[in-house]
Amino acid sequence: MNLERLVSRKELRYALTMLNFLDYPTKTSAPLPPLLIIHGLYGSARNWGVISKRLANDRRVIAVDLRNHGDSPWFATHSYFDMAQDLAEVVTQVGAPMNIVGHSMGGKAAMILALERPELVERLCVADIAPVRYSHDQSQYIQAMKSVDLSKIEKRSEAITALAEQIEDPALHSFFTQSLDLKNRRWKLNLDVLEQEMPKIIGFPKIDKRFDKATLFLSGADSTYVTREMRPQLKALFPTARFAKIPNAGHWLHADQPRPFEASLRVFFDHADL
């Protein structure tokens with residue numbers, strides 16, 4: 001955003017506190033409704049660059065950095081109500097309503113946004129997450145990132161080597177180092193707050209509301225994050241919910257099978273009769 005074009009104190013406040021986002025405008029003369037993409041824990045808008053560019057061929061795409069991630073502001077809290085309020089500001093600024101897709105933690109934030117502010121959401125796709133409390137804690141990755149002596153890191157490959165000493169999955173080494181600011185020798189993740197707020201992140205707040213518009217729970221067929229047993233709980237909050245799985249994909253379904261993932265979004269968001 002260009003500060004020189006802001007004309008009011010309210011707009012200046014947005015520029016200083018609103019989430020950072022990447023804007024992918026479309027050149028089509030008759031664009032489809034705009035799409036907001038929300039990343040998961042330890043991710044960023046940049047992770048979604050390829051998919052965002054492809055989807056922007058016929059709609060405007062906005063990919064956000066959630067609070068305490070990427071180039072967005074850091075805050076002392078990281079609840080889903082906080083994240084939903086942040087997202088509401090972006091949608092309002094860009095132009096409501098928007099189609100929304102959120103993965104993992106971003107999917108939970110998207111659900112709270114839809115439940116709290118349904119007027120801002122046209123259609124909702126939740127990628128491989130459910131509105132439930134999970135038992136797996138993700139704090140071990142925070143400890144791994146904190147253990148890297150950034151004062152000695154000159155190249156991203158050196159950080160990857162350091163992370164490999166504690167994390168087995170090579171895909172995660174590359175993923176985490178996308179949030180490494182080499183120039184300033186810092187993580188673009190508020191690790192202290194994310195660790196402090198982890199119980200909220202793996203949980204889901206109690207909320208007595210419903211989102212009656214079209215909702216798709218899109219999961220990886222090899223993932224166990226969304227099970228058939230959870231469906232009654234999902235339907236209580238999202239009564240129109242539909243469920244689909246992408247073959248040969250796990251929790252990171254958009255990375256495991258990007259083309260089928262993109263195709264699934266197009267089918268759901270582009271056809272109002274579905």
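Let's start on the outside: Ala30 counts as exposed because its relative accessibility is 61%, where exposed means over 50% relative accessible area, buried under 20% and partly exposed in between, using a 1.4 Å probe and protein chains only. Ala30 belongs to the loop between β1 (21–24) and β2 (32–38); helices (H or I, at least four residues) and strands (E, at least two) are DSSP runs, numbered from the N terminus. From Ala30 to Asp82 is 52 residues in sequence and 34 Å in space, C-alpha to C-alpha.

A word on the ground rules. This is a predicted model, so local features need pLDDT of at least 70 and side-chain atom pairs count only at pLDDT 80 or more, while totals for chains, interfaces and linings use all residues. Residues are numbered from 1 along each chain as its sequence is written, and side-chain values use heavy atoms, with hydrogens and water left out.

What lies over them? Within α6 you'll find Ala159, which counts as buried because its relative accessibility is 0%. Setting aside neighbours within four places in sequence, Ala159 is in contact (heavy atoms within 4.5 Å) with Ile153, Thr177 and Leu180. Leu182 is 23 residues from Ala159 in sequence and 9.5 Å from it in space, C-alpha to C-alpha.

Next, the loop between β5 (121–127) and α5. Asp128 is in this loop, and it is buried because its relative accessible area is 0%. Its phi is near 55 degrees, a positive value in a residue other than glycine. Most residues other than glycine have a negative phi, and most peptide bonds are trans. Ser104 also has a positive phi without being a glycine, about 55 degrees; it lies in the loop between β4 and α4 and counts as buried, at 12% relative accessibility. As for peptide bonds, the one that joins Ala96 and Pro97 is cis, with omega about -5 degrees. Pro97 lies in the loop between α3 (80–94) and β4 (98–103).

Back in the loop between β5 and α5, have a look at Ile129. It is buried because its relative accessible area is 4%. Leaving aside neighbours within four places in sequence, Ile129 is in contact with Ser104, Gly107, Lys108, Met111, Tyr134, Phe217, Tyr225 and Val226. Thr161 is another matter: 32 residues from Ile129 in sequence, and 30 Å from it in space, C-alpha to C-alpha.

Two of those contacts, Tyr134 and Tyr225, bring us to the aromatics. How many aromatic pairs does a search of the whole structure find? The count is 12. Rings of Phe, Tyr and Trp (its six-membered ring) pair if their centres lie within 6.5 Å; planes under 30 degrees apart count as stacked, over 60 as edge-to-face and the rest as tilted. The pair of Tyr134 and Tyr225 is tilted because the planes are at 40 degrees, with ring centres 5.3 Å apart. This pair links distant parts of the chain, 91 residues apart: Tyr134 is in the loop between β5 and α5, and Tyr225 in the loop between β8 (215–220) and α10 (231–237). Both are buried, Tyr134 at 10% relative accessibility and Tyr225 with a relative accessible area of 17%.

Elsewhere, Tyr42, Tyr141, Phe175, Phe176 and Trp252 form one aromatic cluster. Some rings also have a charge over them (NZ of Lys or CZ of Arg within 6 Å of the ring centre and within 35 degrees of the ring normal). The charged end of Arg123 is over the ring of Phe268, 4.5 Å from its centre, and that of Arg231 is over Phe243, 4.2 Å from the ring centre.

Last stop, the largest pocket. Of the 37 residues lining it, the closest to its centre are His103, Phe175, His251, Trp252 and His254; Phe175 and Trp252 are also members of the aromatic cluster. The helices α2 (49–55), α4 (105–116), α5, α7, α9 and α11 (253–256) each supply at least two lining residues, and α7 gives the most, with 5. A pocket is worked out on a 1 Å grid over the protein atoms alone, as an open set of points where a 1.4 Å probe fits, with protein on both sides within 12 Å along at least five of seven lines; lining residues have an atom within 4 Å of a point.
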